[in-house]
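Here is a friendly walk through the helix packing and the chain contact in this model. Please keep the structure open as you read.

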Amino acid sequence: MYWFMCLNKSNERKHIIGNHMTLLETKNLSKTFGTLKAVRDVSFKVEDEIVSIIGPSGSGKSTLLRLLSNLETPDEGQIYLFGQEVTDLNSKDKLTAYKQLQFIFQDFALFDHLSVYDNITLAPIKVFKKDKKQVMDEALSVLKDLGLSDKINSYPSTLSGGQKQRVAIARAIMANPKIMLFDEPTSALDMESIDDLKKIILDLKQKGIGILVVTHDVSFARSISERLLFMENSSIIYNVSLDNITDHQGRLDKYLK
Amino acid sequence: MNYIGLILENLLDGTKVTLTVFALTWVFSIPLGLVLALLKRSNIKVITYLLDLYTWIIRGTPLLLQLFFVVYGLPILFGEFFLIPELWGAIVTFIINYTAYFIEIFRGGMNAIPKNQYEAASVLSLSKRQTFLYILLPQTVKKTLPSIANETITLVKDTALISAVAISDLMRNTKDTVARDFRVEAYFVAAIIYLVLTYVLVYVFKQIERKKAYYR
């Protein structure tokens, strides 16, 4: 038992380096579908920052995001979440470990049969067993922040793409995440909604939530991110900080057609 | 008119039997169908194979044949132990038969629920039980409601088959009355009773469907 506790402690210590906290880390992550190697030997870290993965379609970036969200199981490699290795946990422990990682689906995946309010309060009430009154106060304030106060009793099918996405973000926020993953968040949005989304994401970062975005929209990625990962042929080929992006301008131009 | 008054009591007694078979079949085959539909989706090979066999046999043979087999065939094959009252034999047969149809209805409904609904539940850390209770079940009910309504109305009419194994249901009493008196009024009274029963059910299901129409 004692060695086990030591192990846990050292794990906890490892992910706090300086002022930065490693929220998510992968080591040599691989996933194959049939004969297609969708993700190959991917290693990277996300600290409390905004990181975008960009790359052409079919490069494996969506699969990578699904691996990180426990929607697919990797064939090889490890995933560390908040310092804890989660790759080999059983499915019940995984559910617990992943509570503070939230994923915003490309199609938002709202529960069609539930109102906006029930969509965002289902997990806090049923999974986190929070007090209903407290959940209601939180929900009202989150919906207000996202400009959804008048949609509280609406059903998903009556909402626009941008509104659905904000409900999905509200639902994720209600789970108190430390990190949020976005799959192609701009694909269903008009220009105005994209600007709103930028503000929301920067705001989430301000609140200390790490953000990982997968997108093919390079200008969007550049405008919000602190770091860019370039994915091609199932692998991450560059991992560059926006501070020294000019050194990589040539490589970036390839994507900025 | 006087004649109808004379035969009505007997026909209403038969209606009670008809309703008993209907209600017990419905109450047991719906939850059984739901549970077995979940099992059929479980990907456990032995179970899915056995359930496939079950639905294949039950849906591929006449209900009347199944009824004869349970009520008359089983006692011949296995002796007195299976010599139960016809009414119970009939109810068991109906439950076995209707469960097979409900399995397929629920399975179809569950398969029509988009994968992202399960994935969203998983991302929100809902357990399997919670995902079933709060996501899968309500959406399945909504998707399968029209088919369940259809089966329910068919069930009311199918109960007439039990008259063939000497059970005094509405159909049997009607037939006996016509044979005894050589007058056809009993047919019309029976038709009206069946119509009232099915109309009430259609109305109830319409109300439920309207309630569930708040989302697409």
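## Helices 6 and 8 of chain B

In chain B, helix 6 (residues 128-158) packs against helix 8 (residues 185-211) of chain B at an angle of about 170 degrees, the axes being 10 Å apart. Axes here are lines fitted to C-alpha atoms, for helices over the stretch in contact, with angles from 0 to 180 degrees between N-to-C directions. Helix 6 of chain B and helix 8 of chain B are therefore roughly antiparallel (angles under 35 degrees count as roughly parallel, over 145 as roughly antiparallel, 65 to 115 as roughly perpendicular and the rest as oblique).

On the helix 6 side of chain B, the contact includes B:Leu145, B:Ala149 and B:Ile153, while helix 8 of chain B brings, among others, B:Tyr194, B:Leu201 and B:Phe205. Contact means C-beta atoms, placed from the backbone, within 7 Å. The residues of this contact of helix 6 of chain B with helix 8 of chain B divide into 10 nonpolar, 2 polar and 2 charged (Ala, Val, Leu, Ile, Met, Phe, Trp, Tyr, Cys and Pro count as nonpolar, Asp, Glu, Lys and Arg as charged, and the others, Gly among them, as polar).

## About the model

This is a predicted model, in which local features need pLDDT of at least 70 and side-chain atom pairs count only at pLDDT 80 or more, while totals for chains, interfaces and linings use all residues. Residues are numbered from 1 along each chain as its sequence is written, and chains are lettered from A and ligands numbered from 1 in the order in which they are written.

The model has an ipTM of 0.85 and a pTM of 0.85. Chain B has an average pLDDT of 94, with 99% of the residues scoring at least 70; pLDDT is the predictor's confidence in each residue, from 0 to 100.

## Chain B overall

Chain B has 8 helices and 0 strands (DSSP runs numbered from the N terminus: helices are H or I, at least four residues, and strands E, at least two). Its C-alpha atoms fill a box of roughly 70 × 45 × 25 Å along the principal axes.

## Helices 2 and 4 of chain B

The axes of helix 2 (residues 45-60) of chain B and helix 4 (residues 86-111) of chain B cross at roughly 120 degrees and come within 9 Å. That makes helix 2 of chain B oblique to helix 4 of chain B. Their contact includes B:Leu51 and B:Tyr54 from helix 2 of chain B, and B:Ile96 and B:Tyr101 from helix 4 of chain B.

## Where the chains meet

The contact takes 19 residues from chain B and 21 residues from chain A. On the chain B side, helix 5 (115-123) and helix 6 of chain B are the elements giving two or more residues. By class, that side of chain B has 9 nonpolar, 7 polar and 3 charged residues.

Terms used
Two residues are in contact if their C-beta atoms, placed from the backbone, lie within 7 Å.
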